[in-house]
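Biologist: I am new to this structure and would like to go through it step by step. Could we look at it together?

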Amino acid sequence: MREFTYNRDTKETKIFISLNLDGSGQNSIDTGIAFFDHMLQQISTHGLIDLVIKCDGDLNVDMHHTVEDIGIALGEAIKNSLGDKKGITRFANSYVTFDETLTRTAIDLSNRPFFIWKVKTSLEKVGGMDQELFPEFFKSLITESRMNCHIETLYGDNNHHIIESCFKSFALALKTAVTIDPRKKDIPSSKGKL
């Protein structure tokens, strides 16, 4: 089983994460931000990742430290649970529709972090969260996990649908990218190293 448990304690947040890439989508998530909990549940449920996240953050200041630090911790957990990456599918993409919205995500578990976010919304907040926090979360996760990830909403009007489709699309692409391909015995790179 590809599992990792991680504690991250700073003066701004105290985070516990337990992750199993080969799970069934079981989760227990408490960040203190209800809408963010709902979005993280999408990663677990649709990525078939068992995930426990508990965060005590300085929400009296704002949500930024909590959201960014959970991205860092989750990225660290993904990176470590992948180990040497032998046999993984590595590349994946996903399209997700949510009523009027269509979002796509492309992932390469390349060990070379790069993040593109092409998502436009019409409101400053969704679920009480500033819109700018969503790319901050993904940027932290992508950087720490050392993956290349492009997320783009092709069209959509409802801001909740737009953001949730991003999380669902990411989850489905991640599920495929981390899957072990029985035909691949080594590192999935022509260089022999990621």
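Modeller: Let us start with a pair of facing residues: Thr105 stands opposite Ile151 in β10. Please note that this is a predicted model, in which local features need pLDDT of at least 70, side-chain atom pairs count only at pLDDT 80 or more, and totals for chains, interfaces and linings use all residues. Residues are numbered from 1 along each chain as its sequence is written, and side-chain values use heavy atoms, leaving out hydrogens and water.

Biologist: In which sense do β6 and β10 pair?

Modeller: Strand β6 (residues 101–108) and strand β10 (residues 148–155) are antiparallel, over 7 bridges. Strands are DSSP runs of E with at least two residues, helices are runs of H or I with at least four, and both are numbered from the N terminus. Two strands pair if DSSP finds at least two bridges between them.

Biologist: What is the strand order in the open sheet of 4 strands?

Modeller: The order is β5-β6-β10-β7, and the pairing is mixed. The edge strands, each pairing on one side only, are β5 (91–98) and β7 (114–118). From one strand to the next, the twist averages 10°.

Biologist: Which helix lies across β7 and β10?

Modeller: That is helix α3 (residues 133–145), which runs at about 160° to β7. Axes here are lines fitted to C-alpha atoms, for helices over the stretch in contact, and angles run from 0 to 180 degrees between N-to-C directions. Contact means heavy atoms within 4.5 Å.

Biologist: Back to β5. Is Ala92 buried or exposed?

Modeller: Ala92, which lies in strand β5, is buried, with a relative accessible area of 10%. Buried means under 20% relative accessible area, exposed over 50%, and partly exposed in between, with a 1.4 Å probe and protein chains only. Leaving aside neighbours within four places in sequence, Ala92 is in contact with residues including Thr105, Ala106 and Ala173. Ala92 and Lys175 are 83 residues apart in sequence, and their C-alpha atoms are 8.5 Å apart in space.

Biologist: A new topic: how many disulfides are there?

Modeller: The count is 0 disulfides, a disulfide being a pair of cysteine sulfur atoms within 2.5 Å. Cys149 is in none, and the nearest cysteine sulfur, in Cys166, is 9.7 Å away.
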